[in-house]
Amino acid sequence: MQKQLRYTTILKGIVLLTLSVLFGKQGYAQVHATTDSLKTDSLQADTIKKPKLEYAGQYDISDLIQDVIHPNKKPDSLKKKSGITLMPNVASNPSIGFQIGIKAVAGRVLGKEPGTLMSVAATSASITTKGIIYFYLSHNVFTPGNHWNLQGSLVAAKTLTPDFGIGIGEAANGSEADRVLSNPGRKGYVLHSLFYNFREKVYKQVTDNLFLGAGVSFDIRRSIEDRNNPVGETQTPYYIYNERNGFNNSSYSSNGLLFNAQFTTRDNQNRAYKGIYADAGIRVNQTWIGSTKNATQLTTDFRKYWSLSKRNPEHVIAFWNWTSFVIGGALPYLELPGTGRDPSFRSGRGYTVTYFKGTQYAYSEVEYRFPITRNKFISGVTFFNMQTANDDLGTKIGQVWQPGGGAGLRVLFNKATRTNLCIDYAFGKYGAKGLFLGLNEAF
C-alpha cells in the first residue's frame with residue numbers, strides 16, 4: 001500500500017510539472033491565432049458560493065495542486081474561488097519559435113444565477129523568438145437576466161500568416177498564374193504584417209434563448225511582406241490575387257458592419273453535454289467607414305450535442321458545421337474564409353490556419369468525448385473533420401472535400417466550469433500533421 005501511494009504521489013508530481021510547461025500553449029502551427037480567443041477562454045474564471053452535486057467525486061487541477069502542496073489537508077468545498085486567473089502563456093513550435101508571455105482571465109456573474117450567464121474578460125501579451133508580438137483584450141458581458149450581451153476585442157500584433165494559395169488543393173487548368181494561385185502542390189509561403197483589430201457587438205435577448213445583435217469590426221493590416229521571395233517577385237498566390245482584385249500589396253483595411261442572430265440551448269458554454277448553438281451573421285464592409293473595398297459576407301455556425309448516458313453525461317457526440325461565403329464585392333486575401341478562420345481559430349485541426357481558403361468555404365466536424373478516469377480528471381476525444389472551398393478557377397464548393405482527424409486527451413482544469421486543458425494530435429493530407437494545445441473544447 002505504501003509503495004502504491006508513493007507511485008501515486010510521483011505520478012501527480014509528474015502531471016503537475018507537465019501541465020506547468022504546457023499551460024497556455026496554443027495549437028501547433030495555428031500561427032495567425034497565437035492569441036487565445038474569447039471563446040477559447042470563455043467562462044473558465046468563476047466565483048463559486050457553494051458546492052454542487054454536479055461536481056461530486058470530480059478531480060481537477062486545483063485539487064492536484066492542493067494534494068501536491070498540502071497532501072494531508074482536506075479540501076474546503078465552501079471556500080470562494082478567485083474570479084481572476086493569472087497564467088503563463090508559453091508555446092514552442094517550428095512555425096513561431098519559442099513563445100513566452102502572460103495571460104489573465106476574469107469572470108463574474110452580474111445577476112442572479114441560474115438566470116444570468118457568467119461575464120468574462122481576458123487579456124494576454126506574448127513574444128516569440130521569431131519576432132511575433134501579440135497583445136489582446138477581450139470581453140463577453142451578460143447583463144442581469146441576460147437581457148443584453150456585449151462581445152468585443154482589441155488586438156495589436158506583429159505577426160506572420162502561413163499561405164498555401166486559393167482553393168482546396170485542386171490544380172487550375174487555365175494560365176500559369178491560375179496554377180500558382182491554386183497551388184496544387186501546397187507550396188508554403190509566409191506573410192509578415194502588423195495587424196490591428198477592434199470589434200464590438202451588442203446583442204439583445206428578444207425571447208428565450210434568442211438574441212439579435214449588431215456591431216462593427218475594423219481589421220487593419222500594414223507593412224505586409226513576403227520575406228522569402230526576391231524583391232519584385234510577383235508570381236505568388238498573394239500578389240496574383242491582389243493584382244486581380246485591386247488590392248495594395250503592402251496594406252489594407254477591412255472595416256464592416258455586423259448583423260447577427262443567435263440561438264442557444266447549450267447547458268454549458270465551455271463543454272456542453274446537450275443542446276444547440278446556432279448563429280447566422282452578415283458582415284458588410286463599406287469604404288465610407290474606411291474599408292479598402294466594399295464586400296458582403298454571410299457566415300453560419302451550427303453546433304449540436306448529444307449526451308449518451310444519464311449516469312456519465314460526459315459521453316457526448318458533438319457536431320459542428322461552420323460556413324462562410326463572400327456574396328458580393330471582394331475581401332482582402334488574408335481575410336478570406338478558410339481553415340482556422342472561425343471566431344475561435346479552432347477549426348481544421350490537422351492543418352495550419354488558412355491552409356485551404358476561398359470566397360466560399362464550408363467545414364464540418366464530429367467528435368466523440370468520453371471520460372477515462374472515474375474522477376473525470378482525465379478524459380479523451382476522437383474527431384474527424386471535412387472541409388471544402390472554391391477557387392474561382394474551375395473548382396466549385398462541395399466538389400472536393402479534404403479530410404482531417406485525430407485524437408486527444410483532456411485534463412480537467414476547472415470542474416465548476418467544465419474547463420479542460422486540451423492536448424490533440426491531428427493529421428490531414430499533403431503530410432499535414434501537428435500537436436494542438438489549448439483551453440476548452442474546439443467547439
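A125 stands opposite F135 of strand 5. Strand 4 (residues 119-128) and strand 5 (residues 133-142) run antiparallel and are joined by 8 bridges; two strands count as paired if DSSP finds at least two bridges between them. Strands here are DSSP runs of E with at least two residues, helices are runs of H or I with at least four residues, and both are numbered from the N terminus. The hairpin of strand 4 and strand 5 has 4 residues between the strands, and G131 takes a positive phi near 90° in this hairpin.

The model is predicted, so local features need pLDDT of at least 70 and side-chain atom pairs count only at pLDDT 80 or more, while totals for chains, interfaces and linings use all residues. Residues are numbered from 1 along each chain as its sequence is written, and side-chain values use heavy atoms, with hydrogens and water left out.

**Surface patch**

F98, I100, I127 and I133 form a nonpolar patch on the surface, with about 350 Å² of accessible area together. Patch members have over 30% relative accessible area and no salt bridge; nonpolar side chains (Val, Leu, Ile, Met, Phe, Trp, Tyr) are joined within 5 Å, and like charges within 9 Å. The areas come from the Shrake-Rupley method with a 1.4 Å probe, and for residues only the protein chains shown count as cover. I100 belongs to strand 3 (residues 97-108). Its relative accessible area is 43%, so I100 is partly exposed; buried means under 20%, exposed over 50%, and partly exposed in between (1.4 Å probe, protein chains only).

**Aromatic pairs**

The whole structure holds 14 aromatic pairs. Rings of Phe, Tyr and Trp (its six-membered ring) pair if their centres lie within 6.5 Å; planes under 30 degrees apart are stacked, over 60 edge-to-face, and the rest tilted. In one of the pairs, F164 and Y355 have ring centres 4.3 Å apart and planes at 40°, so this pair is tilted. F164 is in the loop between strand 6 (148-163) and helix 4 (176-182), and Y355 is in the loop between strand 12 (316-329) and strand 13 (360-371), so the pair ties together parts 191 residues apart in sequence. F164 is buried, with a relative accessible area of 12%, and Y355 is buried at 5%. The rings of Y351 and F356 have centres 5.1 Å apart and planes at 65°, so they are edge-to-face. Both Y351 and F356 are buried. Ring pairs link F164, Y351, Y355, F356 and Y430 into a cluster.

**Charged side chains**

A search of the whole structure finds 15 salt bridges, each a side-chain nitrogen of Lys or Arg within 4 Å of a carboxyl oxygen of Asp or Glu. The table gives three of them.

| Salt bridge | Closest N and O atoms |
|---|---|
| E225 and R227 | 3.5 Å |
| R418 and D267 | 3.0 Å |
| R410 and E441 | 2.9 Å |

R410 lies in strand 15 and E441 in the segment after strand 17 (433-439), so their pair ties together parts 31 residues apart in sequence. R410 is buried at 0% relative accessibility, and E441 is buried at 7%. Salt bridges with shared partners join R349, E365, E367, R369, R410, D424 and E441 into one network.

R418 is buried, with a relative accessible area of 8%, whereas D267 is partly exposed at 30%. The charged end of R418 also sits over the ring of Y273, 3.7 Å from its centre; this requires NZ of Lys or CZ of Arg within 6 Å of the ring centre and within 35 degrees of the ring normal.
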